[in-house]
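The sequence and the model come first, followed by the points grouped by topic.

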Amino acid sequence: MTTDPKPSTNSNTSGRQALRGGAALVAVALLLGGLFLLVDFEKERPDFYESARVPITEAEVILSETYAEEKELLQQLQTVHARLDHAIGLLGQAERLAPADKRQIETLQVRLRALEDSDRTLKTNPKALQRAYHELTGQLNALAEKLAQPGQE
């Protein structure tokens, strides 16, 4: 009779217990690690319900949009000033005028330069500003018509 050595049930049982104990230890460690991460994440998460946050965020958005509009407005203002400078320069090119017509052109140039004053223009009522442009345009048209008449040099 040959006897085969049988594995000891005692060592088999203790191996399983060690394996279960190790698995339980890993599970507890993972659970604790997850809890610590959640607690830490909770601390770093912004409080979207903070009452002061809403108006500050809205102000930030408005300011961002306003900058784009302000930039566009400044570019338009530069274009307007360049066109006014060009109009003033063209009036300066008018030659062979009667002294009264020359004085009228000088007055028109002064009024056009006044339109270039941004601070003053922005404080002006839009209707008054429109009226000033309309008057200046009318005066230039009347002077051009007068000079177009035969015998006017």
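Contact means heavy atoms within 4.5 Å of each other. The model is predicted: local features need pLDDT of at least 70 and side-chain atom pairs count only at pLDDT 80 or more, whereas totals for chains, interfaces and linings use all residues. Residues are numbered from 1 along each chain as its sequence is written, and side-chain values use heavy atoms, with hydrogens and water left out.

**Overall organisation**

- The chain holds 5 helices and 0 strands, where helices (H or I, at least four residues) and strands (E, at least two) are DSSP runs numbered from the N terminus.
- The order of elements from the N terminus is α-α-α-α-α.
- Among contacts with a separation of 6 or more, 60% link residues 24 or more positions apart.
- Of the 153 residues, 10% are buried; buried denotes under 20% relative accessible area, exposed over 50%, and partly exposed in between (1.4 Å probe, protein chains only).

**Helix H2**

- H2 (residues 53-92) comprises 40 residues and reaches 58 Å from its first C-alpha to its last, close to the 58 Å expected at 1.5 Å a residue; the expected span is 1.5 Å times one less than the number of residues.
- His81, Leu84, Ile88 and Leu91 are the buried residues of H2.
- The cover over these residues includes helix H3 (99-115), H4 and helix H5 (126-148).

**Helix H3**

- H3 has 17 residues and reaches 25 Å between its first and last C-alpha, close to the expected 24 Å.
- Asp101, Ile105, Leu108, Gln109, Leu112 and Leu115 are buried in H3.
- They lie on the same side of H3 because they cover an arc of only 110° around the axis, the arc being that of the directions from the helix axis to the C-beta atoms.
- Pro99, Arg103 and Val110 are exposed on the face of H3 turned away from its buried side.
- H2, H4 and H5 are included in what covers the buried residues of H3.

**Helix H4**

- Thr121 belongs to helix H4 (residues 118-123) and counts as buried at 19% relative accessibility.
- Leaving aside neighbours within four places in sequence, Thr121 contacts Ala114, Leu115 and Leu129.

**Surface**

- The chain exposes about 13100 Å², of which carbon and sulfur atoms supply 60%; accessible areas come from the Shrake-Rupley method with a 1.4 Å probe, and for residues only the protein chains shown count as cover.
- Leu35, in helix H1 (residues 9-44), is partly exposed with a relative accessible area of 45%.
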